[in-house]
Amino acid sequence: MNKKTNPLARAAMLLLVVLCSIGAWAQSSVVTVGNYNRASGFLPSYPNNTYSLSQQIYTKDEIGGKKGKITSIAFYNYEHGKARSYDIYLSHTSKSTFDNATDWVKVAAADKVFSGTVTLGSEWTTIDFDTPFEYDGTRNLILTVDDNTGEDTGNNYGIGAYDASGNQALYYYKMFGTPVNLDPTQSVTEEGTVYSRKNGIKLCFETYPKPYQLEAPEIGDVSALIQCSLRGDATAWNLRYRKVAGEGEEKQRWVAYNDLTARSYTLEDLTPATKYEVQV
């Protein structure tokens with residue numbers, strides 16, 4: 001006589017084994033450029049003034065030959081931050097240094113990757129771009145930060161920086177008289193200050209376009225088959241999963257599997273009757 005399984009209990013178990021969610025987990029890799037063993041109160045902006053403008057050059061060698069879509073940038077702050085209003089631009093450049101204090105690079109409006117309020121908190125602060133920048137990996141990169149805050153919030157931060165190879169930074173602010181808000185998309189003629197120090201940064205590159213149609217077509221007592229569809233010319237994808245934390249419980253660490261080339265992957269050794277979340 002065959003033993004019958006209560007179909008309601010079986011269904012409940014299956015529903016609780018895996019909870020699939022397409023979260024905002026980027027298929028990405030982070031490149032750290034330079035270091036932060038020094039500090040700068042002028043870069044990427046000068047908070048002890050109403051407005052400021054800065055440009056910094058990062059060479060292709062510093063970026064390590066990486067190419068692709070840059071989706072965010074991070075700065076390291078040693079002290080308490082203040083909220084500032086930034087327009088951030090990324091552009092390609094053939095320049096490796098600034099020739100003089102008026103050697104500004106005119107940027108295109110289309111190069112704007114972020115516009116909004118930024119509070120550089122303690123340690124690393126990541127700024128997610130509104131529009132990713134497609135970096136070709138063969139030219140140098142110029143970072144332009146246009147501080148449009150319009151008020152003095154105090155010079156009480158020191159942003160991580162390192163000694164550059166020559167004058168690879170240029171910044172401007174007007175301490176006295178009527179404040180001047182420069183527009184980097186226009187030809188800037190004001191004399192700034194060339195600087196042989198620049199911010200250490202982290203650039204986040206999108207490794208693969210985000211997959212879609214995340215599914216779990218086969219769910220067992222202790223395993224689950226996860227599959228998805230890839231976009232464009234993507235040939236691989238990343239996956240991570242963890243148990244869903246209960247009320248009052250700390251969230252568990254993600255278990256990650258990267259550079260998967262098959263369109264499906266089986267999660268094994270799962271705990272029965274337990275919720276999991278899966279992200280690609």
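Q: How many salt bridges does a search of the whole structure find?
A: A salt bridge is a side-chain nitrogen of Lys or Arg within 4 Å of a carboxyl oxygen of Asp or Glu. By that rule, the search of the whole structure finds 9 salt bridges. This is a predicted model, in which local features need pLDDT of at least 70 and side-chain atom pairs count only at pLDDT 80 or more, while totals for chains, interfaces and linings use all residues. Residues are numbered from 1 along each chain as its sequence is written, and side-chain values use heavy atoms, with hydrogens and water left out.

Q: Is Lys198 buried or exposed, and what about Glu62?
A: Buried means under 20% relative accessible area, exposed means over 50%, and partly exposed is in between (1.4 Å probe, protein chains only). Lys198 has 0% relative accessibility and counts as buried. Glu62 has a relative accessible area of 26% and is partly exposed.

Q: Where do Arg84 and Asp147 lie, and are they buried or exposed?
A: Their side chains meet in a salt bridge at 2.9 Å, N to O. Arg84 is in strand E6 (residues 83–93) and Asp147 in strand E9 (residues 140–147), so-called distant parts of the chain, 63 residues apart. Arg84 and Asp147 are both buried.

Q: What is the N to O value for Asp136 and Arg139?
A: The side chains of Asp136 and Arg139 meet in a salt bridge at 2.7 Å. Asp136 is partly exposed at 24% relative accessibility, and Arg139 is partly exposed at 41%.

Q: Which residues are linked in a network of salt bridges?
A: Such a network links Arg38, Asp163 and Arg197.

Q: What is the order of the open sheet of 6 strands, and which strands stand at its edges?
A: Strands of a sheet pair through backbone hydrogen bonds, either parallel or antiparallel. Two strands count as paired if DSSP finds at least two bridges between them. The order here is E7-E6-E9-E4-E11-E12, with antiparallel pairing. Strand E7 (112–119) and strand E12 (193–195) are at the edges with a single partner strand each, so one side of each has no neighbour in the sheet. Within this sheet, E4 and E9 pair in the antiparallel sense over 7 bridges, and Tyr58 stands opposite Leu141 in E9.

Q: What is the order of the open sheet of 3 strands?
A: The order is E15-E16-E19, again described by antiparallel pairing. Strand E15 (212–219) and strand E19 (264–267) are the edge strands; each has a single partner strand, so one side of each is left without a neighbour in the sheet. E15 pairs with strand E16 (residues 224–229) over 4 bridges in the antiparallel sense. Glu215 stands opposite Gln227 in E16.

Q: Where is Ser72, and which residues does Ser72 touch?
A: Contact means heavy atoms within 4.5 Å. Ser72 is in strand E5 and counts as buried, at 7% relative accessibility. Not counting residues up to four places away in sequence, Ser72 touches Thr126, Ile127, Asp128, Phe129, Lys202, Leu203 and Cys204.

Technical notes
Helices (H or I, at least four residues) and strands (E, at least two) are DSSP runs, numbered from the N terminus.
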